[in-house]
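I've got one chain to walk you through, so let me put it up on the screen.

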Amino acid sequence: TYVTTGTGSRSYTITATANSSSESRSFNLVLSDANMSVTVPISQTGGTPASLTISPTSGLVGYAAGTVNITVTSSGISSVDFNISDTSWVSYSGKSGNVYTFYYSSNTGAVSRTNTIVFSGGGLSRTYTLTQSATTPSDFSISPTSGLWSKGGATGTYDGYGKKGST
């Protein structure tokens, strides 16, 4: 409600916030005095909804160290942030245009591992999942290298050793 007194012409400034909805919206502006009333319909078109996409959404890499590139495309979002779930083996390397590069260290373990990078902005989020394979054993040895078993069955103990993995 805006009240003024007096005579003569007046200018009114109406300000609307940005419409982030895809739907149009409207209202009636009513100007009146003791003798008359004027209704001015005001409408605002719908905006383009915010969007956020990443490509690819996942990656499977070998056990050796390397990098992955993720293309992030957004509209209606002022800034995009990211969060790496486990920074002990994945780190941010840089950005060129809309391509984000992440470095991953080599996996010296005997099991594969998974990490996620969540991109967010404008109330939206997208997740990239990185899976790194385990180191494959090489230089594997077993002792003893042979055994003699009786036809009635037997039990033996063998010890294995792998330099790049577990046995």
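So, the chain has zero helices and twelve strands, where helices (H or I, at least four residues) and strands (E, at least two) are DSSP runs numbered from the N terminus. Read from the N terminus on, that gives β-β-β-β-β-β-β-β-β-β-β-β.

Quick housekeeping. This is a predicted model, with local features needing pLDDT of at least 70 and side-chain atom pairs counting only at pLDDT 80 or more, while totals for chains, interfaces and linings use all residues. Residues are numbered from 1 along each chain as its sequence is written, and side-chain values use heavy atoms, with hydrogens and water left out.

Now the overall numbers. Of the 167 residues in the chain, 19% are buried; buried means under 20% relative accessible area, exposed is over 50%, and partly exposed is in between, with a 1.4 Å probe and protein chains only. The accessible surface of the chain is about 11,600 Å², and carbon and sulfur atoms account for 50% of that. That's Shrake-Rupley with a 1.4 Å probe, and for residues only the protein chains shown count as cover. As for contacts (heavy atoms within 4.5 Å), take those between residues at least 6 apart in sequence: 53% of them join residues at least 24 apart.

Let's go to the aromatics. Rings of Phe, Tyr and Trp (its six-membered ring) pair if their centres lie within 6.5 Å; planes under 30 degrees apart are stacked, over 60 edge-to-face, and the rest tilted. How many aromatic pairs does that rule give? The count comes to eight. Take Y92 and Y100: their ring centres are 6.4 Å apart and the planes sit at 50°, so that pair is tilted. Y92 is partly exposed at 38% relative accessibility, whereas Y100 is buried at 6%. Then there's F102 with F119, an edge-to-face pair, 6.1 Å centre to centre with 75° between the planes. F102 is in strand 8 and F119 in strand 9, so this pair ties together parts 17 residues apart in sequence. F102 is buried at 1% relative accessibility, and F119 is buried at 0%.

Is N107 buried or exposed? N107 is buried, at 5% relative accessible area. What does its side chain have around it? A polar atom of the N107 side chain lies 2.9 Å from the backbone nitrogen of G109, and one lies 3.1 Å from the backbone oxygen of V111. Leaving aside neighbours within four places in sequence, N107 also contacts Y63, S112, R113, Q132, S133, A134 and T135.

S43 is in strand 2 (residues 37–44) and is exposed, with a relative accessible area of 61%. Not counting residues up to four places away in sequence, S43 touches R25 and S26. S43 and A16 are 27 residues apart in sequence, with their C-alphas 9.9 Å apart in space. Over in strand 1 (residues 25–32) there's L31, partly exposed at 32% relative accessibility.

That's my tour, happy to take questions.

Note on methods:
Polar contact = N/O pair within 3.5 Å; in protein donor to acceptor, adjacent residues only side chain to side chain.
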